[in-house]
Amino acid sequence: MARIGFIGLGNMGGPMARNLVKAGHEVVGFDLVKTNIGAAAGVRPAASAADAASGADAVVTMLPAGAHVREVLTGKGGVLAAMKPGALLIDSSTIDVATARDMEAAARAKGVLLLDAPVSGGVGGAEAGTLTFMVGGSEEAFAKARPILDNMGKTIVHAGGPGNGQAAKICNNMILGISMIATSEAFALAARLGLDAQKLFDISSKSSGQCWSMTSYCPVPGPVPTSPANRNYKAGFTAAMMLKDLKLAQEAAATAGALTPLGAEAAQVYGLFCAQAGNAALDFSGVIGLFQERNPA
Ligand code: NAD
């Protein structure tokens with residue numbers, strides 16, 4: 001069993017760290033919010049990020065965005081300086097591809113093996129240990145990380161070299177943001193045309209309009225009883241996080257010179273939705289409210 005430093009014990013990191021404890025690892029954790037460290041049962045509290053990393057065989061970071069990861073890894077009292085050569089760093093935060101690649105180069109210069117390994121599956125997946133990991137980095141780092149990732153996830157895919165895990169994550173979430181808007185527009189239009197939501201679902205979920213946003217996360221209450229629409233759009237995956245990921249996709253598209261007009265439009269739509277009070281914390285499927293308000297049945 002390994003000694004693992006865990007930094008960022010929030011909604012996702014907390015349950016992920018608990019699963020590492022359950023698997024028998026010695027986990028030393030740090031978060032800026034003290035109560036988050038206390039809530040992670042079985043995790044030994046560290047005084048700082050560097051303290052959690054020092055002497056660790058592996059460090060996992062689960063932080064909000066690229067700037068936090070850069071600060072924690074390479075800032076004053078940073079983790080990379082505290083890690084032993086040959087140790088593994090798994091960054092599971094969703095961040096921009098460019099920062100992920102920079103951090104891998106900084107780690108390599110210190111003899112640390114770094115993987116970008118963002119996840120999908122949400123808080124439920126983190127708690128159940130069934131996350132999907134999209135992993136970028138060397139074969140050597142991936143082979144070393146695999147047993148640790150297996151303790152937190154069910155589907156683990158090596159997507160290629162450094163940054164490719166983040167690339168996979170933002171491409172996937174761009175599809176998701178666009179498809180949720182399309183599904184929402186269709187249900188709002190159906191209501192306007194006098195077509196019952198359940199009838200549209202019965203037809204489209206078995207026709208060419210079928211997609212995950214409809215069959216797993218249907219944005220109207222009724223057809224999919226487990227979808228957030230049935231609990232007043234309590235998140236799930238917040239609209240704010242969807243907006244963050246769509247912005248990351250746009251940044252990456254601009255850097256790579258890729259044409260993503262629908263991705264750009266989706267970022268605009270989620271920006272508009274999140275600008276209205278209270279919406280950012282709702283589930284991202286709540287975006288249907290935008291079309292229902294403008295298009296009342
Ligand atoms: P969160 O805000 O609940 O947790 C982040 C934690 O990082 C917080 O506890 C915060 O105090 C801590 N933190 C911030 N700066 C720090 C620092 N300098 N040192 C130590 N701790 C610090 O966020 P979350 O929902 O756990 O998401 C984490 C990452 O996972 C994000 O990048 C998010 O996009 C991604 N993600 C989230 C979900 C989800 O459903 N919540 C799903 C997939 C991916």
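Ser 213 lies in helix H11, which spans residues 212-215; helices (H or I, at least four residues) and strands (E, at least two) are DSSP runs numbered from the N terminus. The model is predicted, so that local features need pLDDT of at least 70 and side-chain atom pairs count only at pLDDT 80 or more, while totals for chains, interfaces and linings use all residues. Residues are numbered from 1 along each chain as its sequence is written, and side-chain values use heavy atoms, with hydrogens and water left out.

Ser 213 has a relative accessibility of 0% and counts as buried, where buried means under 20% relative accessible area, exposed over 50%, and partly exposed in between (1.4 Å probe, protein chains only). With residues up to four places away in sequence not counted, Ser 213 touches Leu 176, Ser 179, Met 180, Thr 183, Cys 218 and Pro 219; a contact means heavy atoms within 4.5 Å.

Cys 218, one of the residues touched by Ser 213, is likewise buried, at 0% relative accessibility. A disulfide is counted for a pair of cysteine sulfur atoms within 2.5 Å, and the count by this rule is zero. Cys 171 is in no disulfide, and the nearest cysteine sulfur, that of Cys 211, is 18 Å away. Cys 171 is partly exposed, with a relative accessibility of 47%. For Cys 218, also in no disulfide, the nearest cysteine sulfur is that of Cys 211, at 9.2 Å.

Leu 189 is placed in helix H9 (residues 164-192) and is partly exposed, at 44% relative accessible area. Together with Leu 193 and Leu 195, Leu 189 forms a nonpolar surface patch with about 290 Å² of accessible area. Patches consist of residues with over 30% relative accessible area and no salt bridge, nonpolar side chains (Val, Leu, Ile, Met, Phe, Trp, Tyr) being joined within 5 Å and like charges within 9 Å. A salt bridge is a side-chain nitrogen of Lys or Arg within 4 Å of a carboxyl oxygen of Asp or Glu.

The chain contains 14 helices and nine strands. Its radius of gyration is 20 Å, close to the 19 Å given by the globule rule for 297 residues, so the chain is as compact as a globular protein of that length; the radius is taken over C-alpha atoms, and the rule is 2.2 Å times the number of residues to the power 0.38. Along the principal axes, the C-alpha atoms fill a box of roughly 65 × 40 × 35 Å. Of the 297 residues, 49% count as buried.

Definitions and conventions
Areas by Shrake-Rupley, 256 points an atom, 1.4 Å probe, with all protein chains shown as cover.
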